[in-house]
Amino acid sequence: MIALIVRRLLLGIVTVACIYALTFVMVISLPGNPFQQGQHNIPPEAEMALRARYSMDNNWLYFQEFLAGAVRLDFGPTFTYNDWTCNQIIASALPVSILLGFLAIMIAVLIGVPVGVLSAVKRGSWFDVSSLSLVLLGISVPTFVTGSALLIVFAVCLQVAPVGGWGTLGHLPLPALTLSLPFMAYIARLTRTGMLDALGSDFVRTALAKGASPRAVVWKHALKVAFLPVLSFLGPAAAQAMTGSFVVEKVFGVPGIGQHFVNAALNRDAGLIMSTVLVFSTLLVAFNLIVDVLYTWIDPRISESV
Amino acid sequence: MGMQSDNERTEPQALARADGSRPGAPGKPAARYGTPWRRFAHNRLTQVSAALLTVFVVTSLVTLPFSLRWYNVQELDKAVRHTPAFSPVVSYGHYVQRVTGRSGPGLSAQAEACGSVAHRASSWFGHDDLGRSLFYRVLPGFLVSLGIGLAAAGIAVVIGATWGAVAALTGGRVDLLMMRIVDVIYGLPYILMVILLKIALTRPLTALFAGHTKYADMVILFLAIGGVSWLTMARVIRGQVLSLRSQPFVEAARASGAGSVYILRQHVLPNLVGPIITYAALVIPQAVLQESFLSFLGIGVQQPTPSLGRLAADGVEAVNTFVGYWWLITFPCAILVLTLIALNFIGDGLRDAFDPKSSEAMLV
C-alpha cells in the first residue's frame, strides 16, 4: 500500500512537471503579451525594463525562476493586477472555490448515488424513467441557464436567497446546487450502470440465496461494487469542481478562482496562467491519488494488479 | 504516469468495456437482431430524436434566405424593441420598405407572397432589444451551433483516431510517449486550453480569411473546441486497436498468412467504425455545449452572428436586467436543450447499436 502511494506520488510529481513545461511552452509561444494590453502601449524602453525585471527577456531563465519559485510555493507577481501577487490572488480565491466545490460534490454524491441505485433497482418504473430524463436534462442544460433559472425563482420571485455575491451562509446554496447538477447527473448515470452490472452478478445472487435481506444486498454488497466507477469519476470531478467554475462564478458573482483561469488566459498573464494551471494539476493529481488509495481499500484485488 | 489508469477508468463505461467483442465476432452470439444500423434505426428514442433534428434542420434551411436577409436587421423603433413573442407590430408594407430599402433590390411578386408569410413568422419568437426578429436569429443560430458541433467532432475524429491507431499499431516507446502526451494534456484545465488555442489560432486564421472576420471567427472556434476534444477518442481507439490485435480472429488471419495491411483493412478498420461513430456522435453535443459556455463568457461566436449558445447567453443577460423578457431566454434555450437532448439520444442509440452488451446498462 505504502509502496503504491509512493510510486503514485512520484509519478504525480513527474506529471505536474510535464504539465508545467507544456503550459510554459504554450504561454511563451502565444502572440501578444501582458505589457501591451489596454488603451495605450507603454514605451518600448519601459517594456524592456519590465521584461528584464521579471526575467521575461530570457525564456530559459524565466522557466527556471518560475519553477524555483513554484517549488517554494511562491508564484511571483501577476502582470495585469497591479499590487497583487499570484499567491494573494490564489489565497483569496481558492478557499472560496474549494468550499463551493466541496459542497457541490457532496450534494452530487448524496443525491446522485441514491437516485442511481433506486432507478437501477426499480428498472423501467416511472421513477427510473423520470430520473433518467432529469439526468439527461442535467447533462444538456448549460449551467448558466439553470443558475439563472434558480436565481429568478429563489432570489427574485420568492426572495429567499440573495441575488448574488459572497460572504454569508445564504450565498452558498444556489451556486453549490447549480455547480452540482452536471456532476449529479453523471454520478446518477454511472451508479445506475454499475448497479445494473452488480445486481446481475453471481455474488448478489448468492447473497440473496443465503437469505440476506434485499435491502442489505443492494445497499451494502452491490453498491460497494457499483460505486467504483463513481469513485474514479470523482477524482477529476472534485479537482474540476474545486478549482471553480467561471460560469457559475459569473452568474452568482462568486469571487472564486475559476474567473482567473479565463482572465489570465485572455490577458496572456503568464505568471497567473502558470500558477492557476499548477494549482489545478496538483489538485487533480492529489485527488487521483486519493481515489487510488480508496480504490484499493474498497477492492483489495486492485493493489495486486497495480 | 499515475494518471493514465485513473483517467481510463473515467471514460464512458460502454466504450471502456468494448473489448472488441461484437455480434459479428466469433464466439459471441448476437445479443440482438440485425446489423448495428438496423438496431439503430429501430430504436424508438433515436427515431424521435432524428425526426426532431430533421425538422429543425429543414426549417432552418428553408428559411435560410429570409434569415440571411433579416437576422441582423435592427428596428430601433420603440414599438419593435423588446416586442413579446406572437405579437406582430410592424405592417408588412412598412417592413418591406424598411428592409428592402436598405438591402438591395426589392422582392419579386412570388417572393413577396412568400415574404408576407415569412414576415409574419418573424414575430413568432418576439424581438430583442435591438428590434431584431428572434425567429430569424434562432434558426440560423441552430445551423451555426450544429455546424460547430459537427466540425469539432470531425476534427476530434481525425486527430484522435489517427493518434490512437498510430500509438497502438507502433507500440513500444512511441506508444508510451504518445499516450503520456495525452495524459499530460488531460491534466490541463479544459477552458484554458480552448482559450489559449483560440488566441494562438486567431492571427494566422484571420490573415488566411482576409477580411471575412465572421468566418475566421467560427473556424477558430471549432478548431479550438475540436483541438481539445480528441483526447478521449485517442484513448478509446488505442484500446480498441490493442484489443482487436489480440482477438482470436485476427490471430487466425495472421496464422493463415495474411499481411498486416490486409489485416488492418479487413479486420481492424471495419471494427473501428463503431467506436469512432459512437464517440463522434457524443462529441457533437459536448461541442455545442462548450460553444454556449464560451459565448456566455463573451469569447464564443461574435456579434452579430447568432448561435444557440450566444442567443441563450444574451437571453440570460436580458432576463437578468428585467424578468419580463421571458421570450429572449425561453426560445433559444428550448431549441438548444432540445437539440442537445436529441443529439445525446442519438449518441446513446449509436452506442447501444454498436455495443449491444452495454445497452442493458445505458439509457433506455
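View 1. Setting aside residues up to four places away in sequence, B:Ser49 touches B:Ala342, B:Phe345 and B:Ile346, where contact means heavy atoms within 4.5 Å. This serine belongs to helix H4 of chain B, residues 44–62; helices (H or I, at least four residues) and strands (E, at least two) are DSSP runs, numbered from the N terminus. Its relative accessible area is 4%, so B:Ser49 is buried. Here buried means under 20% relative accessible area, exposed over 50%, and partly exposed in between, with a 1.4 Å probe and protein chains only. Please keep in mind that this is a predicted model, in which local features need pLDDT of at least 70 and side-chain atom pairs count only at pLDDT 80 or more, while totals for chains, interfaces and linings use all residues. Residues are numbered from 1 along each chain as its sequence is written, chains are lettered from A and ligands numbered from 1 in the order in which they are written, and side-chain values use heavy atoms, with hydrogens and water left out.

View 2. Chain A has 13 helices and 0 strands. Its C-alpha atoms fill a box of roughly 80 × 55 × 30 Å along the principal axes. Of its 306 residues, 52% count as buried. Among contacts in chain A with a separation of 6 or more, 72% come from residues 24 or more positions apart. Chain A exposes about 14,400 Å², with carbon and sulfur atoms supplying 68% of that area; accessible areas come from the Shrake-Rupley method with a 1.4 Å probe, and for residues only the protein chains shown count as cover.

**View 3. A threonine inside chain A.** A:Thr191 sits in helix H7 of chain A, residues 173–199. What does A:Thr191 contact, leaving aside its neighbours within four places in sequence? The partners are A:Gly112, A:Val113, A:Gly116, A:Val117, A:Leu223, A:Ala226 and A:Val230. With a relative accessibility of 0%, A:Thr191 counts as buried.

View 4. A:Met1, A:Ile2, A:Val6, A:Leu9, A:Leu10, A:Ile13, A:Ile290, A:Leu294 and A:Trp297 make a nonpolar surface patch of about 950 Å². Patches are made of residues with over 30% relative accessible area and no salt bridge; like charges are joined within 9 Å, and nonpolar side chains (Val, Leu, Ile, Met, Phe, Trp, Tyr) within 5 Å. Helix H1 (2–29) and helix H12 (270–298) of chain A each supply at least two of the patch residues. The largest share, 5 residues, comes from H1(A). A:Ile13 has its place in helix H1 of chain A, and A:Ile13 is exposed because its relative accessible area is 54%.

**View 5. A positive phi in a chain A loop.** A:Arg268 is not a glycine, yet its phi is positive, at about 55°. This arginine lies in the loop between helix H11 (258–266) and H12 of chain A. At 23% relative accessibility, A:Arg268 counts as partly exposed.

View 6. Over all chains, the structure holds 8 salt bridges, each a side-chain nitrogen of Lys or Arg within 4 Å of a carboxyl oxygen of Asp or Glu. One of them joins B:Arg238 and B:Asp175, whose closest N and O atoms are 2.7 Å apart. This pair links distant parts of the chain, with B:Arg238 in helix H11 (residues 213–245) and B:Asp175 in helix H9 (residues 172–186) of chain B, 63 residues apart. Both partners are buried: B:Arg238 at 14% relative accessibility and B:Asp175 at 9%. B:Asp183 forms a salt bridge with B:Arg235, the closest N and O atoms being 2.3 Å apart. Here too distant parts of the chain are linked, since B:Asp183 lies in helix H9 and B:Arg235 in helix H11 of chain B, 52 residues apart. B:Asp183 counts as buried at 0% relative accessibility, and B:Arg235 counts as buried at 5%.

**View 7. A salt bridge within one helix of chain B.** The side chains of B:Arg310 and B:Asp314 meet in a salt bridge of 2.9 Å, N to O. These two residues both lie in helix H14 (residues 308–321) of chain B, 4 residues apart, about one turn of the helix. Is B:Arg310 buried or exposed? At 10% relative accessibility, B:Arg310 counts as buried, whereas B:Asp314 is partly exposed at 22%.
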